[in-house]
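Me: I have a chain open here and would like to go through it with you. Can we start with the terms and then move on to the folding?

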Amino acid sequence: MTEKSKKRKALTSAIAVILAVAMVVGGSTFAYLQGNTDNVINAFAANQVSVDLKESTGGEYNIIPGTSEAKDPTVTVHTTVPAYVYVEVADNTDNLVIYAIADGWQKLEGFENVYYRESDGSSAEEKYAVLQNNTVSYDESIVNSDMLVQNDDGTYSLKEGITLSFHALAIQKDPFNDAVTAYAALKNLWCDVTAKLSAINGRNIGLNGQYTPRADATVYAIKVKEGEKYRISGWTQGSQALYCLRNGVESTNSPVVAKYPEAVDYSYVQHNDIEITIPAGVSYMEMATVNNHTSDFKLEKMGSANVENAEAKLLNYDDNKYIVMCFDDTLPDISDVVELFDKYNVPANFATIPGNLNRTTNSGETAKEVLLKAQANGHEILAHNDATGLLTSESSDSDYINVMSNTKKALEENGFVINGYLNPGGTKDGLHSDTQDWSKTFAACKAAGYLYSDMSGRPNKYIEPYTMGRFYIDTTDIETFKTEMNNWWKWGYHYKAFVNHEATNLDFIEQVIQYCLENDIQIVTYNSLYNAYMN
């Protein structure tokens with residue numbers, strides 16, 4: 001072997017050793033930190049509920065007065081869990097066959113000829129006789145005429161179609177509350193659940209387009225789920241709705257998803273068997289019926305006799321009467337209004353446009369100066385907009401958010417505490433603000449952090465706190481005002497909110513203040529109403 005070959009062989013051996021070492025080292029490099037456990041096995045038991053019905057005594061029987069025959073319909077149940085077992089009896093015997101249901105069966109409440117019993121699932125097979133003593137009998141007083149029917153031509157024939165039939169059913173006991181609920185689900189029946197409703201009068205449900213239930217209505221609320229079917233009958237009057245679907249039960253600030261009727265005239269109207277399938281996003285349904293027609297009110301549920309009354313956050317209205325006086329648009333006369341209300345030590349509300357804060361008022365001060373002092377003295381400042389802030393059907397999602405958020409932010413940056421938003425009305429680019437998407441308005445209001453809003457005085461759109469409804473004072477005659485207020489209380493409402501723009505008749509407003517103070521009508525702010533009834 002040459003010297004050159006020896007060197008080549010030595011180099012090859014050295015490389016082989018290095019590769020071997022590298023493989024060992026490399027192998028340890030890829031030996032990750034690891035661990036494992038024994039398997040945890042969860043066993044799930046399969047279950048079944050099945051039922052069978054058979055007779056060993058045949059299917060043909062003879063009616064012979066004074067005799068009896070063996071008849072043994074027997075229900076066999078195979079169930080591994082507690083179950084309800086039912087037998088339905090179809091009696092077409094024209095009282096010619098006497099029988100009794102065997103002991104252990106109970107009549108199912110609300111259903112004719114349906115009986116039930118419970119099986120605890122403790123044995124593989126349970127047998128239950130349907131008839132007492134497995135026997136039918138025939139009264140000895142039966143005579144020929146009892147078994148004859150007159151034909152059209154005056155002749156007589158033996159009666160036909162005399163049958164006694166049985167049908168057995170079974171269903172697991174859980175999760176149903178009782179045998180009636182389980183049977184209804186099994187048969188997918190309409191069940192009358194009217195008696196299970198609890199009245200919730202005294203809270204605002206927004207059904208009648210105003211702030212509180214009518215004094216002549218009884219109101220109910222239940223929790224519902226998507227896909228459930230209901231059938232409702234009852235009377236409405238005026239704008240009182242028969243039912244109202246909402247998307248939450250946590251409080252009364254949930255928007256209306258649907259209601260019926262949308263609007264009716266002020267006469268009494270009866271509605272029969274209105275069918276409702278609960279849509280997505282609905283958590284509870286509220287119903288109202290006119291008090292002098294409560295006996296005609298009926299709620300039925302498809303497939304279940306169970307309903308759960310809604311435990312919503314209820315408004316605890318007291319017997320006091322309240323009035324909210326609001327002045328819009330930050331006009332020069334707000335200084336006069338503040339002075340008048342301060343004179344009687346009662347609060348006013350000011351729907352304030354941020355762009356008007358530098359406006360000079362009748363007192364010579366800026367609107368900002370007047371309103372900051374007013375706020376410190378107990379008056380309330382609310383967010384408001386001019387025409388540039390109008391929302392219409394052409395407004396984008398970002399428009400809604402920006403209008404609500406920017407208005408609140410601008411006022412807060414000037415030192416105002418803003419809890420409420422008063423939506424401006426009017427027309428912009430040929431479109432009225434009434435065309436806006438109220439669900440977007442609601443969502444934007446909530447996102448911006450407002451506690452309440454009047455939604456342009458349209459409380460029939462959504463319920464509080466985003467519909468603190470208000471109305472224009474369209475009179476300067478104090479007697480007309482008194483009549484209107486008296487009607488308001490007589491109809492069962494707890495407060496009324498008035499809106500003004502330019503206070504052209506301060507004498508009349510002063511008369512209103514005096515009348516309220518003399519008649520125990522409390523002049524308050526939106527925020528005080530919220531704190532009293534929503535917190």
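Reply: One term to begin with: a residue is called buried when its relative accessible area is under 20%, and exposed when that value is over 50%. Keep in mind that this is a predicted model.

Me: OK. Is Thr330 buried or exposed, then?
Reply: Thr330 is buried, because its relative accessible area is 2%. The residue lies in the loop between β21 and α3. Its phi is positive, about 55°, although Thr330 is not a glycine.

Me: Which residue follows α3, and what is its phi?
Reply: That is Asn345, with a positive phi near 55°. Asn345 is not a glycine either, and its place is in the loop between α3 and β22.

Me: Buried or exposed, for Asn345?
Reply: Exposed, because the relative accessible area of Asn345 is 69%.

Me: Which residues of α3 are buried?
Reply: In α3, residues 334-343, they are Ile334, Ser335, Val337, Val338, Leu340 and Phe341. Their cover includes β21 (321-328), β22 (349-352), α4 (367-376), α8 and β30 (521-524).

Me: What does Phe350 touch?
Reply: Leaving out residues up to four places away in sequence, Phe350 touches Ile334, Val337 and Val338, along with Phe327, Leu371, His379, Glu380, Ile381 and Leu382.

Me: How many residues are in the largest nonpolar core?
Reply: That core has 44 residues. Those with the most contacts inside it are Ile323, Met325, Phe327, Phe341, Phe350, Phe481 and Ile509. Helix α8, residues 506-518, gives the most to this core, with six residues. There is also a second, separate core of 22 residues, which includes Val85, Val97, Ile101 and Tyr115.

Me: Different topic. Which residues of α6 are buried?
Reply: In α6, residues 438-448, the buried ones are Trp438, Thr441, Phe442, Ala444, Cys445 and Ala448. What covers them includes α5 (397-413), β24 (420-421) and β27 (452-453). Just after α6 comes Gly449, with a positive phi of about 100°.

Me: Now the prolines. Which residue is joined to Pro175 by a cis peptide bond?
Reply: Asp174, and omega for that bond is about 10°. Pro175 is in the loop between β11 (163-172) and α2 (179-187). The peptide bond from Tyr260 to Pro261 is also cis. Here omega is near -10°, and Pro261 sits in the loop between β16 (256-260) and β17 (268-277).

Me: Last, the overall numbers. How many helices and strands does the chain have?
Reply: Nine helices and 30 strands. The chain has 535 residues, and 45% of them count as buried. The accessible surface is about 27300 Å², with 48% of this belonging to carbon and sulfur atoms.

Me: And what share of the contacts comes from residues 24 or more positions apart?
Reply: Such residues account for 77% of the contacts in the chain that have a separation of 6 or more.

Key: Residues are numbered from 1 along each chain as its sequence is written. This is a predicted model: local features need pLDDT of at least 70, side-chain atom pairs count only at pLDDT 80 or more; totals for chains, interfaces and linings use all residues. Side-chain values use heavy atoms; hydrogens and water are left out. A nonpolar core is a set of buried Ala, Val, Leu, Ile, Met, Phe, Trp, Tyr and Cys residues joined through side-chain atoms within 4.5 Å. Buried means under 20% relative accessible area, exposed over 50%, partly exposed in between (1.4 Å probe, protein chains only). Helices (H or I, at least four residues) and strands (E, at least two) are DSSP runs, numbered from the N terminus. Contact means heavy atoms within 4.5 Å. Accessible areas come from the Shrake-Rupley method with a 1.4 Å probe; for residues, only the protein chains shown count as cover.
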